[in-house]
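Here are some exercises to work through with the structure open beside you. Try each task before you read its solution.

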Amino acid sequence: MGFLQEGPQLAHPWRSDQLLHDLLDRVLPAERRAVLDADLAALGDYAQMAWQRASESTRRKPILTQWDAWGRRVDRIELTTAWLEGPQLTTRHAVLATGHAPGEYARLEEFARVYLYHVASEFYTCPLAMTDGAATAIKASGNAALIERALPHFLSRDPAQFWLSGQWMTENIGGSDVSHSETVARRDGDGQWRLHGRKWFSSAVVGEAALALARPGGADEGNAALALFYVETMDGQRRKPELIIDRLKDKLGTQELPTAEIHLDGLPAWPVGELAHGVRQVAPMLNVTRTWNAVCAVASMARAISLARDYATRRQAFGRPLIEQPLHAQTLADMQAEFEGAFALAFEVAHLLGRVESGAAAAHEAALLRLLTPLAKLWTGKLAVKICSEALEGFGGAGYIEDTGLPQLLRDAQVYPIWEGTTNVLSLDSLRALAGEGLSALRLAVDGWLAGSDDAAAAAITGALDATTAHLDRHGADRASLEAGARGLAFTLARCAAAALLARQAVWSARSGERRPGAALRRFVSHGLNRLIAPDAEDTGLLLG
């Protein structure tokens, strides 16, 4: 037998993650750590087991069986093993319940669990995000009946009582623009609302409940006339016949996730709030689901880098391990610095969310959360694709071979810039946040984060923020120009926030003699913070003409 290359091994995602340890050591009171650390260790164990299991078996997609042998419509979906394990893992480790516990640390503790569970879950975290968002929206609605009915299931710590919730918004006519939604809500003879229509993208059709947008019969056109409804999908152990699964989506990635096209043929429904302004009622869940997206994107980066670094110690080239090759080491260090910036920003948003929800936030932090949430989501989504692509390249040809399990990292990463608002949609959303108090809130926060930090890094961050202010002043009166440059503006602000957060961590870590966070800050800043552009509308027209 000739030479056989040893594949990468996954380091324990909790015990080996110094970033997560440092974050929790800095932020969380010691008395909160025992239960959390136990859950994180168990989720790390599960992640290692799941990686090993995946490397020894053929991954498979969910299977939809629409009819039984006797012609009955059943719409039964067979799930992967990780999905069947999902309710037990979620409830045993209080993944969702923790996020709705009292106190400013609830969301931070929740998303630490999500970060370790996500990749191993095979995107079971997608319906968990929808369920978390649904719980948040229902709480915000003040609908006592639905709060009493749904939340005990959504936040249950008992797998037998646990429910998943979907989010059914997207129709054939479009995604982010739901103003022309065609699903109609009508009352039957008993006064029960029922939904009729087709939803083109249902990300949690295997769940027991969902929130859906529909237009009450006779209502006007447009966004404002849409209402938000709560539905339940199961009648005992059988799916309700008014919910018809047309097919499962055949997607580039997230293939274990059973995304479906569905018909609603009179499915019973209950209004979440008033019979209008449904999009506004969905808004409370956006901070939640976009934070899930950002943290999951960071988790995918962590997995890709962990495997790439381990492989670099096992792969010999030109007489020495890859990790000892200067250019390869430089590439891995560049990836690590970008990842650490993304990690810092995503988890700051998670902590901010908990502070705002619990009433512990400072006066400027609600506006800060409003700005940082879309920034974190859009930047981490794009960065995850870049990092996962670079990681695959580091494996050479093995990174392109399906049964190594590595190409799935890149396929799955492509979903992060698309879910919960594309990069362009979120860039425009960031502009709306900047029209309020977003920029002043960010600058106030950055001033605090930079206290005691490296002068060169602080100067670079402040300079990029000054350039952003000048850019807004220069283009603010020209809406088309402002929108055309919104991506560059958003990336600049995201990178400035991330750099300032790295600076805060570096100052804290230096007190105990830890030098790595300072290196991450210097490397990240050296990559540049300013991504501002001054679009030329004439050139754009020529290029597209």
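## Two helices, side by side

**Exercise 1.** Find out which way H8 crosses H9, and at what angle the two helices pack.

*Solution.* Start with the crossing: H8 goes past H9 in a left-handed way (left-handed if the near helix is turned anticlockwise from the far one by less than a right angle, right-handed if clockwise). Helices here are DSSP runs of H or I with at least four residues, strands are runs of E with at least two, and both are numbered from the N terminus. Next, the geometry: helix H8 covers residues 278–314, and it packs against H9 at about 155 degrees with the axes 9 Å apart. The axes are lines fitted to C-alpha atoms over the stretch in contact, and angles run from 0 to 180 degrees between N-to-C directions. So H8 is roughly antiparallel to H9 (under 35 degrees is roughly parallel, over 145 roughly antiparallel, 65 to 115 roughly perpendicular, the rest oblique).

Before going on, a word on the model: it is predicted, so local features need pLDDT of at least 70 and side-chain atom pairs count only at pLDDT 80 or more, while totals for chains, interfaces and linings use all residues. Residues are numbered from 1 along each chain as its sequence is written, and side-chain values use heavy atoms, with hydrogens and water left out.

## Rings that meet

**Exercise 2.** Work out how many aromatic pairs there are, then look at the ones Tyr115 makes with Phe343 and Phe347.

*Solution.* First, the rule: rings of Phe, Tyr and Trp (its six-membered ring) pair if their centres lie within 6.5 Å, and planes under 30 degrees apart are stacked, over 60 edge-to-face, the rest tilted. The count comes to 14 aromatic pairs.

Tyr115 in H5 and Phe347 in H9 are 232 residues apart. Phe347 is buried at 1% relative accessibility, and Tyr115 is buried at 5%.

## Charges over rings

**Exercise 3.** Which charged ends sit over the rings of Trp67 and Trp200?

*Solution.* Apply the test: NZ of Lys or CZ of Arg must be within 6 Å of the ring centre and within 35 degrees of the ring normal. For Trp67, the charged end is that of Arg73, 4.8 Å from the ring centre. For Trp200, it's that of Lys249, 3.3 Å from the centre.

**Exercise 4.** How many disulfides does a search of the whole structure find?

*Solution.* A disulfide needs two cysteine sulfur atoms within 2.5 Å. The search finds zero. Take Cys388: the nearest cysteine sulfur belongs to Cys296, 13 Å away. Cys388 is buried, at 1% relative accessible area.

**Exercise 5.** Where is Ala94, and what is its phi near?

*Solution.* Ala94 lies in the loop between helix H3 (81–92) and helix H4 (95–99). Its phi is near 50 degrees, a positive value in a residue other than glycine. Most residues other than glycine have a negative phi.

Notes
Buried means under 20% relative accessible area, exposed over 50%, partly exposed in between (1.4 Å probe, protein chains only).
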